[in-house]
Amino acid sequence: MAAADEARVVNISQEKGTRVVSIDINSGLNGDNGLSELCVRSDLTISIGTLKSGHFLGDEKDKIGKIVNCDIDIPISGEYYRLLEDSDFCDIIKKRNNNSHKGTYGTAGVLGGCKEYSGAIKLANMSVSQLRSGCGISRVIIADSLFASVSPYLLESTLFLVKDVDGKMIFEEDRINNAINGLNSLAIGMGWGICEDNRKILEYIIKNYQGNLIVDADGLNILSALDMNILKTAKCKIAITPHPKEFSRIIKIPVSEILYDPIRYSREFASEHNIVVLLKGTSTIITDGEVVSICNRGCPGMASAGSGDVLSGIAAGFAAYNDDMLHTMECASYINGIAGELAQAKLNSISMIAHDTVDQISNAVNKLLQND
């Protein structure tokens, strides 16, 4: 069919009042990556045999109203990916024993912030993102000069100050050791800024920290300039949480190529460097290089500054008492997505901000607790 005829068919299908049902996958929608230049928008898509990755990535959420799978008892070939759902997290989101205490659930830390971006570290911590996701103790590590800006937002968290110059941290080995001492998990990079001392701090932590490390935001930008072999020799378990542009800087591949084959690039990098990659997008891809999981929770209202910082705080909270980094990042992404959906339902996709997602974390946890 000529391009002009395809366009005419698509336009007819989208006329007002026309209900559209697509079989297997919408015409024009790539079954692997969900991208499209010209695509039918359906009210209902009935997939045949099994769901495809293209049903969740790229443009899918703007093109498919509802999707139902029809198993016609044919063998499934090709690679398998996991689609995350509520019941996957009953081992993390579960009722707690009375005979437990704050030490049972670990100590989580977030390190970041600078003079220009102190809000990011408030969102990542504020004690809320971490403690609401279940860790026992929360620590926020910031530059000394940010004390007046950040401390009014801390109630449950402890505060650790690092010497700085003009709002950017100074690397002092003893001080950084003290900052990370006793942490079961650490999220680093939110609103941190980029400078030579931050590079030294990140390198030192990767080489010496022995907990669960989540690298985000400016931590990723700093990481992109390092020799990636540093990841292979790390003493800690590492997860990185890039969006496609940040991932492009790290793997030196154009964003367009990453979006065309996001699962492949995420899995290859995770496998080669023995880490977990959480690639943000319409749906989130989480992989340790072997298992690939897709989290399709989330909403358009989360497309605002600070949403990634909230995710990092949630991830640090769960990682404080769960050592399986793949499963932890799956859970963090899932809870973050549900919390965002609840916030958007309460407000709208235009007006909601990242803090609205934070406010809904406990409700997202409640939703999953119903499965316990």
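Reader: What makes strand 4 and strand 15 a pair?

Author: Strand 4 and strand 15 (residues 292-295) share 2 bridges, in the parallel sense. Pairing asks for at least two bridges, so these strands qualify. Keep in mind that this is a predicted model. For one of the bridges, look at Leu83, whose partner in strand 15 is Ile294.

Reader: Why is strand 4 called an edge strand?

Author: Strand 4 (82-83) pairs on one side only, and that goes for strand 7 (158-162) too. The open sheet has 10 strands, in the order 4-15-14-13-12-11-10-5-6-7, with mixed pairing.

Reader: And what packs on the sheet over by strand 7?

Author: That's helix 6 (residues 173-180), which touches strand 6 (137-143), strand 7 and strand 10 (185-188). The direction of helix 6 makes about 165° with that of strand 7. Helix 7 (residues 196-208) lies across strand 5 (107-111), strand 10, strand 11 (212-215) and strand 12 (237-240), at about 155° to strand 10.

Reader: How do you know that the structure holds 0 disulfides?

Author: A disulfide needs two cysteine sulfur atoms within 2.5 Å. Take Cys114: the nearest cysteine sulfur, that of Cys195, is 8.6 Å away, so Cys114 is in no disulfide. Cys299 is in none either, as the nearest cysteine sulfur, that of Cys295, is 12 Å off. The count for the structure is 0.

Reader: Are those two cysteines buried or exposed?

Author: Buried means under 20% relative accessible area. Cys114 has 1%, so Cys114 counts as buried. Cys299 has 16%, so Cys299 is buried as well.

Reader: What makes Thr241 buried?

Author: The relative accessible area of Thr241 is 1%, and the cut-off is under 20%, so Thr241 is buried. You'll find Thr241 in the loop between strand 12 and helix 10 (244-251). Leaving out residues up to four places away in sequence, Thr241 touches Ile214, Val215, Asp216, Leu220, Glu246, Leu278, Lys280, Ser312 and Met329.

Reader: Why is helix 14 called roughly perpendicular to helix 16?

Author: The axes of helix 14 (residues 325-346) and helix 16 (residues 361-369) cross at roughly 115° and come within 8 Å. Angles of 65 to 115 degrees count as roughly perpendicular, so helix 14 gets that label against helix 16. The crossing is right-handed.

Reader: Which residues make the contact between helix 14 and helix 16?

Author: From helix 14 it's Tyr334, Ile335, Ile338, Ala339 and Leu342. Helix 16 brings Ile361, Asn363, Ala364, Val365, Lys367 and Leu368.

Conventions
Residues are numbered from 1 along each chain as its sequence is written. This is a predicted model: local features need pLDDT of at least 70, side-chain atom pairs count only at pLDDT 80 or more; totals for chains, interfaces and linings use all residues. Side-chain values use heavy atoms; hydrogens and water are left out. Buried means under 20% relative accessible area, exposed over 50%, partly exposed in between (1.4 Å probe, protein chains only). Helices (H or I, at least four residues) and strands (E, at least two) are DSSP runs, numbered from the N terminus. Contact means heavy atoms within 4.5 Å. Axes are lines fitted to C-alpha atoms, for helices over the stretch in contact, and angles run from 0 to 180 degrees between N-to-C directions. Angles under 35 degrees count as roughly parallel, over 145 as roughly antiparallel, 65 to 115 as roughly perpendicular and the rest as oblique. A crossing is left-handed if the near helix is turned anticlockwise from the far one by less than a right angle, and right-handed if clockwise.
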